[in-house]
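Trainee: I am new to this structure. Can we go through what its labels rest on?
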Amino acid sequence: MKAPLKPLVLPDVPPMPVQVYNPARLAALAATALMNTEPAPDLDNLCELAASAAGTQQALVVLFDARHAFYKAAAGRGPLTLGRRSIPLHADACPLLAGASGPLVAADTARDARLVHLPDVRDGTMGAWAGFPLYSADGLVLGGLCVLDEQPHRWTGRQLGTLTRLAAAASDLIELRRRMHQAQERIDALRSSGAAADRLARSLQDNLLPPMITRPPWLDAAALYLPAGDGETVVGDFYDLFPTRQPWWCAALGDVCGKGLEAAKVTALARYTVRTEATQHSSPATVLTRLNDALIRQHVNDRFLTAVCVMLRPGPDGGVRGLISLGGHAPALIRRADATVEEAGRPGLLLGIFADAGLHAEPVELAPGDALLLYTDGVTEARSRSGHALWGLPALSTLLAGCDGLNAEQTLERITTALSGHAGDYHSDDTALLLLRVPHHGERPP
């Protein structure tokens with residue numbers, strides 16, 4: 001008589017965190033319109049950065065609803081058809097992030113009770129795993145950025161810090177997609193009304209600019225954006241200031257050719273590519289080179305852009321040191337504490353057109369009382385009320401030299417007041433300005 005077959009015993013499958021089924025979370029996920037959609041090249045690029053930073057073979061951007069986990073982006077898995085990107089909820093580790101207060105890491109998944117039931121762990125293809133929540137604007141977990149290795153892998157603090165920043169960049173991208181999808185839906189519904197569509201497009205432009213820039217304690221900073229004409233047409237000026245790897249900060253400003261939603265798409269790609277690349281590279285020329293590569297590779301449309309990128313850190317004696325790179329952009333202006341004004345940066349080519357944009361990184365040194373001004377050509381090419389005379393770089397330099405004793409915000413106010421006096425209430429082009437000033441010894445930035 002044959003011995004009875006022994007039943008197959010599988011590891012217990014733990015219950016899903018109750019937060020997975022939160023209606024508010026599911027509604028926020030649905031609003032992104034990203035589930036079961038084609039791959040997103042910008043998120044694929046971010047996955048490649050994550051895998052490189054973690055030293056792993058694979059990285060994924062995973063979104064999950066109440067039934068399925070969906071691989072929206074992937075690196076190291078080879079071509080994935082749309083049908084192979086969706087798996088049952090219990091077969092993936094990322095849904096566990098819904099019930100966590102932050103990242104989850106496992107150096108050896110075979111010894112981790114949370115993960116031993118997963119098919120990839122049982123078949124030996126996932127020996128280590130780390131997952132980082134992707135949040136909606138309301139703080140709801142929509143999915144995760146995860147990296148995985150076939151062998152057990154001890155994660156370093158530097159790797160986890162970099163992956164946390166990359167997850168924040170991925171969350172920003174997903175939120176931007178939600179806003180763009182929402183705006184596009186409303187624009188489509190109101191396409192018969194051109195004025196209404198332009199107002200919606202302008203709201204998208206506003207979402208691409210940081211509402212309030214952050215700054216390090218060793219820098220006084222201010223930014224300003226003035227829309228062209230009546231402010232109803234979306235265009236491509238942008239600025240940003242954010243921390244990268246301690247103690248470095250990155251300042252960026254750019255101008256996309258053209259107007260409308262097509263320009264806004266390039267603006268979105270530019271801003272978030274710079275944010276992502278700046279966490280990996282300390283040279284602004286490398287950051288802009290990677291942006292140029294992304295523009296050419298993804299070819300969102302026929303738009304190109306100019307940009308300036310500056311990497312800064314505190315230096316000795318209360319000063320600031322760093323590097324500046326120009327991609328087809330006008331040189332920055334440095335106002336020294338003695339009221340002299342000089343140009344900074346070595347021009348490269350426009351971004352998004354040439355495979356080699358000829359970008360260079362030049363040193364920048366700012367002493368206490370010095371200020372660095374980044375601006376778009378809406379400043380220097382502002383026309384007079386008659387529509388003929390340009391304001392020009394000499395006028396801007398002269399005005400900047402006369403801003404003695406003013407902080408960053410006051411300096412920008414004086415520039416825009418003079419600009420409005422020259423051009424009146426109508427600006428032929430959008431204008432963006434970002435001013436970075438080193439406080440004097442003992443001075444506290446506003």
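Predicted model: local features only at pLDDT ≥ 70, side-chain atom pairs only at ≥ 80, totals over all residues.
Mentor: Start with the largest nonpolar core, which has 38 residues. Leu145 and Val147 have the most contacts inside it. Helix H4 (157-189) gives the most, nine residues. Residues are numbered from 1 along each chain as its sequence is written, and side-chain values use heavy atoms, without hydrogens and water.

Trainee: What makes a set of residues a nonpolar core?
Mentor: The residues must be buried Ala, Val, Leu, Ile, Met, Phe, Trp, Tyr or Cys, joined through side-chain atoms within 4.5 Å.

Trainee: Why is Glu277 called buried?
Mentor: Buried means under 20% relative accessible area, exposed over 50%, partly exposed in between (1.4 Å probe, protein chains only). Glu277 has 6%, so Glu277 is buried.

Trainee: Why does Arg290 count as partly exposed?
Mentor: Arg290 has 32% relative accessibility, so the middle class applies.

Trainee: What makes Arg290 and Glu277 a salt bridge?
Mentor: The rule asks for a side-chain nitrogen of Lys or Arg within 4 Å of a carboxyl oxygen of Asp or Glu. Here N to O is 3.7 Å, so the pair qualifies.

Trainee: How do you know that Arg437 and Asp220 form a salt bridge?
Mentor: Their closest N and O atoms are 3.3 Å apart, so the pair meets the cut-off. Both Arg437 and Asp220 are buried.

Trainee: How many salt bridges does this rule give?
Mentor: The count comes to 15.

Definitions and conventions: Helix = DSSP H or I, 4+ residues; strand = E, 2+ residues; numbered from the N terminus.
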